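Q: I have a structure open and would like to go through it piece by piece. Can you help me read it?
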Amino acid sequence: MRTKVIVNPMAAKGRMARRWPWYRARLEAVLGPLNVSFTLRPGDATRWTRAAARHGCERVVVLGGDGSVSEVLNGLLTSGIDARTLTLWPMPAGTGNDSCRGLGVPLDPAEAIGALANRRTRLIDAMRIELQGLDGAALVRHGLILVSFGAPAAISRDASASRWMKRLGRIAYYLATPPVVLRYAARVTRIGIDNAPAEERALFGGMIAGLPFGGGGMRLVPVARADDGLLDMVELGRLGRIEALLQVMPKLHDGGHIAHPRVDLRQGMRVIRLASEAETLVDVDGETAGRLPATVTVLPGVIRVPDFR
């Protein structure tokens with residue numbers, strides 16, 4: 001098996017099932033025989049990726065959204081096989097496509113497929129997140145795009161609370177933002193960076209990035225790079241509700257929120273430890289993963305992807 005293709009039939013606002021014959025014909029023309037699996041429930045993509053890696057697969061093509069890409073990433077990094085020996089190839093087949101944006105994969109499906117045959121590859125970083133799961137048990141997840149906590153994580157949860165909301169893409173985040181912001185309050189959060197002692201800050205929330213985009217094309221952490229071996233974090237400080245709603249949130253799409261005086265950008269970190277006495281949600285790559293406390297560690301150069309630099 002050279003090529004594993006994982007298809008989420010509900011991707012692209014539910015249209016992937018109808019589009020699959022178009023994708024299959026073009027993928028086979030470029031890559032030859034395909035081993036294909038369709039996701040039916042959460043975790044399928046992770047399980048199938050592990051199995052494919054253990055059977056000598058050379059590449060995993062993902063026809064799904066960023067959640068499917070994240071599941072494949074977790075499968076690669078928990079397979080027991082050196083993930084650098086395979087290529088993770090996300091296709092622009094979802095609603096948000098932030099992994100494709102961040103890696104430079106063309107957002108036109110025909111162009112992205114056409115590049116499969118001869119495209120060079122490169123190694124990029126991933127993030128390891130140790131946190132408290134929603135059931136209270138310890139949990140380990142891996143992320144490629146973004147780890148958010150506090151208000152941003154609550155917004156992400158509400159934006160994906162139902163299938164119809166997920167289909168709205170970035171609009172879902174705009175709809176979910178006002179109710180969360182108007183009821184959310186900054187909470188004391190302990191932050192430890194690398195080997196430095198932890199410090200306490202009142203935060204509305206924060207975002208730790210592996211890639212610059214999130215929420216369907218918003219430049220949430222615009223300075224983030226995929227291959228620098230470092231973490232970048234945007235901290236949303238003690239914002240008033242109206243201030244957050246009118247001055248910060250509208251500027252997320254172009255990265256303008258970084259200039260706000262109560263928004264801080266930290267760069268060049270390898271390990272970030274977070275804790276709070278208040279219940280604080282954590283989101284990984286657009287999926288609610290658990291709660292604080294959490295430790296985010298960069299894993300330099302552990303994933304191979306197409307090189308579109």
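Q: Which residues of α7 are buried?
A: The buried residues of α7 are Ala-151, Pro-152, Ala-153, Ala-154, Ile-155, Ser-156 and Ala-159. Buried means under 20% relative accessible area, exposed means over 50%, and partly exposed is in between (1.4 Å probe, protein chains only). This is a predicted model, where local features need pLDDT of at least 70, side-chain atom pairs count only at pLDDT 80 or more, and totals for chains, interfaces and linings use all residues. Residues are numbered from 1 along each chain as its sequence is written, and side-chain values use heavy atoms, with hydrogens and water left out.

Q: Why is helix α7 called largely enclosed?
A: Seven of the nine residues of helix α7 (residues 151–159) are buried, so the rest of the structure largely encloses it. Helices (H or I, at least four residues) and strands (E, at least two) are DSSP runs, numbered from the N terminus.

Q: Now the sheet. What is the order of the four strands?
A: The order is β2-β1-β3-β4, in an open sheet with parallel pairing. Two strands pair if DSSP finds at least two bridges between them.

Q: Which strands are at the edges?
A: The edge strands are β2 (35–38) and β4 (87–90), and each pairs on one side only. On average, neighbouring strands of this sheet are turned by 20 degrees against each other, direction ignored.

Q: How many bridges do β1 and β3 share?
A: Five bridges, in the parallel sense, between β1 (residues 3–7) and β3 (residues 59–63). Ile-6 stands opposite Val-62 in β3.

Q: And what joins β3 to β4?
A: Four bridges join these two strands, which run parallel. Here Val-62 stands opposite Pro-90 in β4.

Q: Is β3 mostly covered or exposed?
A: Mostly covered: five of its five residues are buried. Arg-59, Val-61 and Leu-63 point one way from β3, while Val-60 and Val-62 point the other way.

Q: Which strands does helix α2 lie across?
A: Helix α2 (residues 16–31) lies across β1, β2 and β3, and runs at about 150 degrees to β3. Helix α3 (residues 44–54) also packs on the sheet, touching β1, β2 and β3, and its direction makes about 175 degrees with that of β1. Axes are lines fitted to C-alpha atoms, for helices over the stretch in contact, and angles run from 0 to 180 degrees between N-to-C directions. Contact means heavy atoms within 4.5 Å.

Q: What does Ser-68 touch?
A: Ser-68 touches Asn-8, Ala-45 and Val-62, not counting residues up to four places away in sequence. Ser-68 lies in helix α4 (residues 66–77) and is buried, with a relative accessible area of 10%.

Q: Last one. Is Leu-175 buried or partly exposed?
A: Leu-175 is partly exposed, with a relative accessible area of 47%. Leu-175 is found in helix α9 (residues 170–183).
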